[in-house]
Amino acid sequence: MDPQWVDLLLSPIINTTISKLISTAAEQISLAVCWKKELETLQNKLRMIKDVLLDAEERQVRDRAVKGWLEKLRDVVFEADDVLDEVAYESEKCKVENQNQKLKNVHKFLTSNPLLFRRGIAEKIKKIIASVEAINNEAREFGLQNRLAGTVVSEHRRNAQTHSTIGDLSEVVGREDDISKIVHLLTDSSNELRLCVLSLVGMPGLGKTTLAQAVRNDERIKNYFGKIMWVCVSDNFEVERILREMLESLSGNSCAVKNEDTVIQKIREAMGENNFLLVLDDMWDEESHGKFEDLRNCLLGVCKMSRNRVIVTTRNEKVALKMRTLPKHMHHLGKLQIADCWSIIKKRVLGDASITLELEKIGRDIAQLCGGVPLVARVIGGILCTERKMLIQLWMAKGFLQSTEESLMTMEDVDLKSLQVLCFVDSAGTEELPPCFDNLKNLRSLEMPPEGIENLINLRHLNFSDEEQMPANIGKLTCLQTLSKFFVGTTKGRKIEELGNLRWLRGSLQIYKLEHVKDRSEAMGAKLNEKTISKLRLRWGKESNQDEDVLEGLQPHSNLQLLEIDGYGGKNLPSWMSKNVLNCDLFLLKNLAELRIIQCKKLESIPVMTGFSSLQMLFISSCIELSTIVDGAFAKLASLKGLHILNCPKLERASSNGLLSPQSLLIPDCRELNSLSTSTCLKVLLLRGCKNLRSIPSLRGLSSLEGVIFIDCGLEHLPSGLSSCVALKELIIARCHSLISIPEELKEIHSLVVLWIHWCSKLRSIPENTLNSLTSLKTLYIGGFSEELEEFPGLSSIHSLQASLEYLNLTGWEKLTEFPHQIQNLNLTALKSVSITDFKEVETLPKWLGNLSSLKSLSIWGCLGLKYLPSGLSFVTTLERLTIYRCPNLVSAKLEEILGGLACLKTLWIGPFSEELEEFPCLSSIHNLGTSLEELRLYGWAKLTQLPHQIQHLTALRHLSIWDFHGVKALPEWLGNLSSLQDLCIKYCENLEHLPSAESIRRLSELKFLEISECLVLETRCRKESNSEWYKISHIPTLRINGEDI
């Protein structure tokens, strides 16, 4: 790990530990009479140290003695932590063993020799006090002061100087393309400018300095530039300082000259007849524009030759622009791939040690948390490296690392006394804890536990993913604070009563299989009302006649913020949902912010909801018998922001009237709904699948409404009052097959950004010039209208959107024989995405598609008669995504010519073509996309007996989908050449029997996901029980067959 980052992490770790020690000491003072005086002394001295920690954190960067003081302090506080944990452990052990053995004498101390134990603890505490006292004395000698957090300006940046050398080239991971591009720009001989600035721009931690170091040390750079200089600028942008450091970089000697002109002259002399490269690292003061110009003029003053270059690294693009960086010389540093982050972590933790595929998967999961930031990967790797010995011991004990002569050991050799976090990576075969785990006094967190954990009485966090991993007798872990899941069983040690003793549970809890609880009395044994749980999810796997009684017994604590009831079989909600406390105006669920009622299949009505003063979101889904929401049910929900009612097919009426502040009303898939009322505070109104809903009340006065979405509804007319919705940004009308017309007032909604009028098969007219006034419109989906129409309505004024429209989707229908004439000669310069669907008789598309300088995505679907694409498309260098689906008559030669020119294309979906073809056409030039294409989906047809061989050269391909290749029986061996492939999807290949060989698949080292769907023969052969193909793919992290993960 970078020493500077170790320094920065050291003080917060100590600070956190001291805070915990002070708190723990306070707890034990009241319990441990024997050591009360010693603990009070320790507590006071720790507070004194805590007061000066902030000052020490600031000074450690520049004062090695202070850093050493922090390291000594770390060792002492960790030792104190162990001692206090030992006291707490013995106290808890006393409680548990007394309970287990049913001893009445609760005052008896549980060590074999109580006096010796007490004396030993006292001696340890006194020793720690002496050490803390010595450290306090040193703090006074250093002059460390009590500083309030937030009042000190950190000097870390000012002192964290960078330099041009890079210790280990292996630190530069995943930046090969960046280096090549930057070196090319710097050494481009066609650039004759005297001074050219290239800026590396990116967020902190992406490795701008490391990249600049790698470029500076590249042999091509050393050969091209006569002189190379490096200056770390940081927040101290002073022209005189930068010039002096340039001279020092050239001469290798310190510069005492103060006069700026003299310094410039000495730089000119040192430069001789050479061109130069200057690296200005970590520039970030965008306010120093005048100083930038001064520096630039000075640099021009020392240029004798042409082709001088400056590299600027900065997190701020404004700085780069003020340094006069040209657009093509502005290099934005992207994030690393997960594999690169894993490479950094792995090297720091394990060096060159080999590991199993299981551990590799875990490492990649950790790497995913880095967010593509190499600095985070290095810090995580460094932290793990400090615990490397313990990790190696644990991993070797589980067989993850190959043992060597120097490191053979067993689990019993591991020093477990300080272990606080333990994760069982693979608990298969680990049915119970070995004896050496009985004395894990400090263990706080356990993931995927085996059986036999009841002696881990200090355990506070327990995590597992499924029922098979849940240990029995959880109720004995009385210190437990976090338990994300509990699966109710029917045998002793697995019943719901196990939750009763866990009085410290907090956070989120999901209780599954509540059908195994017999009655209210048994449910009350969980004592949920005594636990400060903030999120509670109650789930039934199947209905039971006792569901109502059981739910009554699961009354939660009044601090509950989220409640989810899923699979409940009762007709009524529990009484405690509207229960007040002590017959006063305070209600039990007064703090509840979100209520979710899901798949309660017998629930018939929602009563008036009283006492939910904090409720912001009410979500009701898949309650198939729900037919009534009583009038005024929601009237007292003063804080409600969202009312979402989904898939309640018998519900006939829904109302948000009386609600004071609902912002979203979402009602999908309630097909019997025939009456709706709204509230003036609505921001979003969504109705989907409400086929009986013929009309909606006026929206007049809904001045806050931002989104209106009607999909697959029975509406004959849109609601009136749309023009008064002055904040409306999004209006989506799709698959409303009873809709006949669009109102004139649509043209008055000047705020619209998104407009869909799509697949409304009876719609005959749209008011002319509607688009003329929608000057803010960015997205337009239009088409799929009445089959009686022979012309496309509503497009006469589309030319007025040429400066704003970014996304255009046009959908035709049977009677349209030509492309809409209104858009034949458009110049929609802002368009980024165009989709053209179901123009079945059209043979050519408009030429202006080839003139769209901002186009990134083009999709053409179901244009059966289409023969030609505009030739200008091959010059649309911005195009990144192209879809050509079900266009069987396209002339392949023209298409091939276009594909060959799309050098920036990243995604291509293509096919099927004519059923008569026996080879996949138009891919001969696809090799030109070898370094750019990342996603490819191929649609085949019956006569194709093999995959197109041209795709084997797409070395940058990450995602490959193969659909409808009915004639292919085996995938080719060359599939293993796709070295970057991460996802492989195979669908509707009904005769496919074989994957490539195991060796070929193993070459796909990046492959993480394989999906096989609707391939009857292959999916059978790929299951575990078959093994004919399973052995080839069993190592792939995620396997999905017909939607099921295996």
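**Strands β1 and β4**

I looked up strand β1 (residues 195-201) in this predicted model and found that strand β1 pairs with strand β4 (residues 308-314) in the parallel sense over seven bridges. Strands here are DSSP runs of E with at least two residues, helices are runs of H or I with at least four residues, and both are numbered from the N terminus; two strands count as paired if DSSP finds at least two bridges between them. For Leu-198, I noted that the bridge partner in β4 is Ile-311.

**Ground rules**

I number residues from 1 along each chain as its sequence is written, and I keep in mind that side-chain values use heavy atoms, with hydrogens and water left out. In this predicted model local features need pLDDT of at least 70 and side-chain atom pairs count only at pLDDT 80 or more, whereas totals for chains, interfaces and linings use all residues.

**Salt bridges**

I searched the whole structure and found 23 salt bridges, a salt bridge being a side-chain nitrogen of Lys or Arg within 4 Å of a carboxyl oxygen of Asp or Glu. Glu-564 and Arg-539 meet in one of these, at 2.8 Å from N to O. This pair links distant parts of the chain, with Glu-564 in strand β13 (residues 562-566) and Arg-539 in strand β12 (residues 532-539), 25 residues apart. Arg-539 also meets Asp-566 in a salt bridge of 4.0 Å, N to O, and both of these residues are buried, which is to say under 20% relative accessible area, with exposed meaning over 50% and partly exposed in between (1.4 Å probe, protein chains only). Salt bridges with shared partners join Arg-537, Arg-539, Glu-564, Asp-566, Glu-594 and Arg-596 into one network.

I then turned to Lys-222, whose salt bridge with Glu-219 has its closest N and O atoms 3.7 Å apart. Both residues lie in helix α8 (residues 219-224), three residues apart, or about one turn of the helix.

**Asp-838**

I found Asp-838 in the loop between β28 (833-837) and β29 (857-861). Asp-838 is buried yet has no salt bridge, and Arg-886, the nearest side chain of opposite charge, is 4.8 Å away; Lys and Arg count as positive and Asp and Glu as negative, while His and the chain ends are not counted. Leaving aside residues up to four places away in sequence, I listed its contacts (heavy atoms within 4.5 Å), among them Trp-759, Trp-813 and Trp-861.

**Confidence**

The chain averages a pLDDT of 80, and 78% of the residues score at least 70; pLDDT is the predictor's confidence in each residue, from 0 to 100. Confidence is lowest in helix α5 (residues 156-159), at a mean of 37, and highest in strand β33 (residues 959-963), at 97. Where pLDDT is low, the predicted coordinates should not be read in detail.
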